[in-house]
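Subject: Model for you to look over

Hello,

Here is the model I promised. Please open it first; my notes follow below.

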There are 2 protein chains.
Amino acid sequence: VGLLYFCSMASDFTVRFLGTGSAIPMPGRHPTAQWVSIGERHYLVDCGEGTQMQIRKFHLPMQRLSAIFISHMHADHFLGLPGLLSTLDLLDFKKPLTLVAPAAVFAYLDDYAKNTGNAFRFPIHRIPTDAVRQAEPVFEDKSCTVTAFALHHSIDCHGFLFKEQPKPLKIRRESIAEFGLSHLEIQQLKAGISLSRLENVPAHLLTMAPAPPRTYAFMTDTRPLFKWADLVSGADVLYHEATFTLTWKERADQTGHSTAEAAAKFANAAKVKQLYLGHFSSRYSDLTPFLEEATPLFPNTFLAFDGLEVDIYPESITEIPEGYF
Amino acid sequence: VGLLYFCSMASDFTVRFLGTGSAIPMPGRHPTAQWVSIGERHYLVDCGEGTQMQIRKFHLPMQRLSAIFISHMHADHFLGLPGLLSTLDLLDFKKPLTLVAPAAVFAYLDDYAKNTGNAFRFPIHRIPTDAVRQAEPVFEDKSCTVTAFALHHSIDCHGFLFKEQPKPLKIRRESIAEFGLSHLEIQQLKAGISLSRLENVPAHLLTMAPAPPRTYAFMTDTRPLFKWADLVSGADVLYHEATFTLTWKERADQTGHSTAEAAAKFANAAKVKQLYLGHFSSRYSDLTPFLEEATPLFPNTFLAFDGLEVDIYPESITEIPEGYF
């Protein structure tokens, strides 16, 4: 019980960085895009130019996409949308796709359809973020809830907090035989419904709490914004932009970006578990200075790179899967 | 005289394929884009999504671009434009840029600027191709002339024929001493002006004809269109689409595309020197069948691939450059 183990089992909560560059893309540093998989659902966060090629390159299931979240209306965060949607259309994509984005993105797609004479044939469920001035839930499905929160960039921009849906209670395996639990009773206990015939049995002998819901926080593009430390507090993974190092701090302030130092300070204030830096300026070919600047303030800092997949495992796995030993 | 040689000297007329895929791009087969360099000028033909990343990947001088030619308004031929132009703007590009394209492309760029609130700060000289129903010159500078010609696709589409400007006459080196030619006289002879003091000397003792102007023909997307065999007759290089092999001929006919067989028949009719096939459907991972289909009909056929640079050398080099031996 409480056994924490790492094995080669793929996690069912992963974040794949498809683009970790900034306004001027470079080979190996595409503009921003991330593929987030939670449970059996797949989401895209930002969609810079070339995202559809990155999705193919890393063999991700493009046609199983449920929703796309766009942070803001800068070229390096949304220009891949018409190409991706066109390709989905050519592949006969039929599902409704949710698009959470500034309304200007919808206008851009409408104009694209008008100028090319091609409308997409699948339904796009539009959720505009313009009215979100603080933090609001903008999306929910069976795998997760997503909260959008206002960042502080040169134009309106939103971060996104992905939180998996709470897992059912876990049944103590030994209790099944001990109390002769039926299949129905097991389902009831998992859902938190107590059984009248066992009302004198303490709940902890029958069930265990599930692992706490895992969370992923996405924050780019933005100045440092400590007001959100509580919101993303304890996140399993935080992706925070670090367009510059301290050498270019003035430029970061002018353009509404963060330094590696600021990102690390925020990660520290928010007590997240892991910090990934990204959105690196094309000025930098060597990224070591970003790590050197951040790790003294937040040791668990990593550099994001195009193609890196981050597996987020449950905090603890209290039952050993059958056949594990 | 008349010596034909191949050496490692880079040509001043090159075509670099940046994308040889079609509607659905794949890793290693980006959507259509080509970088054409003639003399000291640089041009882009089509600009599919990801073109700016391909330009960087192959270290091409993005900021020396003179003109962009867009064949038609399908996503895989123009979606890279706003990203490329944005990056040029961020790099403080100042030159006027010529954009030869269907008017719908200009409308798309205007809408992009409206929706993002960002206009490009450098002048774009727009040349719409919509009125070109047959073949017309659409561009000229000191390096080349470009003729647009109407192709036969599912929407309006144009091919482009690049022809370098005629070179000056060549002076026979031995005549300089023999006739005591001054620098001014040499310039006059090169320009085809005869010298009165040498009116009895046959022209061929003083000068030689330059190599004939080199030409490059770009034909995608299109059904086979034999009416243009004369126009592109003898082209040094022809890039012709071959989206399909004969197995999918019906699909080619339906969608306004060509098979490898048709491209080879056209190359044969036009007596071009080299044929490059491209715009391959994502159905094909192995491209051998394209070559097998084309070479019996036109032996000098090659498969284009992303990154391939084709050097077009003058037909003959009649003077050996100093220091060559």
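Start with helix H9 of chain B, residues 260–270. Its buried residues are B:Ala260, B:Ala262, B:Ala263, B:Ala264, B:Phe266, B:Ala267 and B:Ala270. Buried means under 20% relative accessible area, with over 50% called exposed and the range in between partly exposed (1.4 Å probe, protein chains only). Helices (H or I, at least four residues) and strands (E, at least two) are DSSP runs, numbered from the N terminus.

Just past H9(B), B:Lys271 has a positive phi of about 50 degrees.

A word on the basis. This is a predicted model: local features need pLDDT of at least 70, side-chain atom pairs count only at pLDDT 80 or more, and totals for chains, interfaces and linings use all residues. Residues are numbered from 1 along each chain as its sequence is written, chains are lettered from A and ligands numbered from 1 in the order in which they are written, and side-chain values use heavy atoms, leaving out hydrogens and water.

Now the interface. Chain A and chain B each put 37 residues into the contact (heavy atoms within 4.5 Å). Together they bury about 2600 Å², 66% of it on carbon and sulfur atoms. That area is the accessible area (1.4 Å probe) that the two parts lose on being put together, summed over both. A:Glu49, A:Met53 and A:Asn115 supply 24% of what chain A buries against chain B, more than any other three residues.

Two salt bridges cross between chain A and chain B. The rule asks for a side-chain nitrogen of Lys or Arg within 4 Å of a carboxyl oxygen of Asp or Glu. A:Lys114 and B:Asp111 form a salt bridge through their side chains, at 3.1 Å, N to O. On the chain A side, helices H1 (51–57), H2 (75–78), H3 (81–90) and H4 (103–116) each give two or more residues. H4(A) gives the most, with eight residues.

Best wishes
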